[in-house]
Amino acid sequence: MKKQKTMAFLATVVALGTALAGCGGGNAGGGGGQQASPQPGGDSGSSNGGSSGNLQKIVFATVGPMSGQYSDYGSTAKAGAEYALKQNQEKFKALGFDVQMLTQDDQADPKQGVAVAQMLISNQDVLGVVGHVTTGASITASAQYEQEKLVMVSPSSTGSNLTDEGKKVVHRICARDDQQGSRAAIYAKNQLGVKTAYIVHDKQAYGQGLADEVKKQFEKDGVTIAGYEGITAGEKDYSAVVNQIVAANPEMIYFGGYYSDAGILIKQAREKGYKGVFMGGDGYDSADLVKIAGTENANNVIFTSTVGDLSATEEGKKWIADFESQTGNKVGIFTSFGYDSMNVMLHGLEEAIKANNGQKPTREQLLDAVHKTKDFQGQFVKVTFNDKGDNEFASVYVYKYENGQKVYVGEAK
């Protein structure tokens with residue numbers, strides 16, 4: 001890569017790095033505070049300042065949308081990853097390493113994902129990436145990481161093609177779209193009795209990927225597809241497609257996309273008199289959906305998620321209390337999987353150090369160690385990566401909104 005191009009990427013990401021980690025409303029918030037600004041050479045943004053003494057520095061990047069409408073996702077994953085790292089830093093200092101965290105904002109934008117990836121690749125202290133958080137940015141960034149054998153562990157990128165493309169650097173601890181979409185459709189048919197559905201998506205990798213899997217499963221199970229349409233994310237008026245839906249009068253509307261668009265679509269459909277069920281994926285998991293749609297309109301809205309109910313056990317409740325008291329943040333949508341993703345990475349680092357006779361591993365050595373992860377028991381999910389980098393123990397769960405509150409329903413089977 002030419003020097004001029006490298007400096008252009010660095011300038012882009014330095015500007016991004018000055019943003020604050022966003023914090024959404026309600027229970028989906030918990031931004032994890034400010035993100036550090038990267039300096040030329042990438043030698044900053046640590047969770048505890050610069051290197052100390054004769055310790056060798058190792059940096060893990062956490063990347064996702066830290067600003068903008070999807071900041072809930074990035075900031076909550078970052079908060080969990082940072083918490084995991086802080087709990088393990090002293091252990092690695094005893095081994096001779098100062099392990100730090102560098103946060104970057106890709107704005108959930110595939111193009112920005114490439115810019116961030118290029119900057120991280122140029123920083124030789126960066127040995128791994130916890131992220132990216134959204135599918136589109138993960139796909140474009142992974143193409144860059146593959147060239148440099150820079151391992152990534154995503155807490156939340158569900159797009160099936162992310163791992164199907166065959167890049168060895170790619171790993172995720174969450175379920176895939178084909179798992180989430182198919183189980184959502186099966187749940188809708190078997191548990192909700194849905195016989196007709198209208199499918200809408202936002203034309204993006206995540207949303208359309210989910211919608212296509214739901215459509216495929218519905219067709220397999222004999223559920224009538226009343227319509228299949230794409231909308232442009234970020235618009236404020238979806239009346240054209242809403243009118244088509246209301247005229248078709250399906251029992252369910254499945255929308256593949258994020259809460260910001262889902263909230264508008266739900267509100268406008270309800271105002272047109274639609275009384276049926278709305279369903280979507282984990283992109284619905286934000287208190288802002290209720291704010292946008294309205295509390296009453298959000299009733300009978302169901303969504304699947306790759307993250308289970310953290311408060312279902314006493315151990316989970318204690319973890320939440322400890323996290324919130326020690327960080328000052330609320331647990332959000334991807335806090336738990338950001339936490340477990342970082343712990344998977346740290347486990348891989350420990351194994352790579354051992355295999356390298358106590359010396360700092362190379363990127364390729366860490367990649368090999370992470371890829372071999374087997375039966376690693378995280379706080380919230382067990383992890384074994386298959387050859388593609390998918391987690392063999394990933395599950396799908398069902399939630400609903402009821403009187404403005406998110407209610408856990410159970411595992412989708």
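Guide: Met279 stands opposite Ile302 in strand 10. The model is predicted: local features need pLDDT of at least 70 and side-chain atom pairs pLDDT 80 or more, while totals for chains, interfaces and linings use all residues. Residues are numbered from 1 along each chain as its sequence is written, and side-chain values use heavy atoms, without hydrogens or water.

Visitor: How many bridges join strand 9 to strand 10?

Guide: Two strands pair if DSSP finds at least two bridges between them; strands (E, at least two residues) and helices (H or I, at least four) are DSSP runs numbered from the N terminus. Strand 9 (residues 277-280) and strand 10 (residues 301-305) run parallel and are joined by three bridges.

Visitor: In what order do the strands of this open sheet lie?

Guide: The order is 7-6-8-9-10-13-14, seven strands with mixed pairing. At the edges stand strand 7 (224-230) and strand 14 (405-411); each has a single partner strand, so one side of each lacks a neighbour in the sheet. Ignoring direction, neighbouring strands are turned by 20 degrees against each other on average.

Visitor: Which helix packs on this sheet?

Guide: Contact means heavy atoms within 4.5 Å. Helix 8 (residues 239-248) touches strand 6 (196-201), strand 7 and strand 8 (252-256). The direction of helix 8 makes about 170 degrees with that of strand 6; axes are lines fitted to C-alpha atoms, for helices over the stretch in contact, and angles run from 0 to 180 degrees between N-to-C directions.

Visitor: How is the open sheet of five strands arranged?

Guide: Its strands follow the order 2-1-3-4-5 with parallel pairing. Strand 2 (97-105) and strand 5 (170-172) are the edge strands, pairing on one side only. The twist from one strand to the next averages 25 degrees. Within this sheet, strand 1 (residues 56-64) and strand 3 (residues 126-131) run parallel and share five bridges, and Phe60 stands opposite Gly128 in strand 3. Helix 3 (residues 110-122) lies across strand 1, strand 2 and strand 3, at about 155 degrees to strand 2.

Visitor: How many aromatic pairs does the structure hold?

Guide: A pair of aromatic rings is described by the distance of the centres and the angle of the planes. Rings of Phe, Tyr and Trp (its six-membered ring) pair with centres within 6.5 Å; planes under 30 degrees apart are stacked, over 60 edge-to-face, the rest tilted. The structure holds 17 such pairs. One of them, Tyr83 with Trp319, is edge-to-face, at 5.9 Å centre to centre and 75 degrees between the planes. This pair links distant parts of the chain, with Tyr83 in helix 2 (residues 71-94) and Trp319 in helix 12 (residues 314-327), 236 residues apart.
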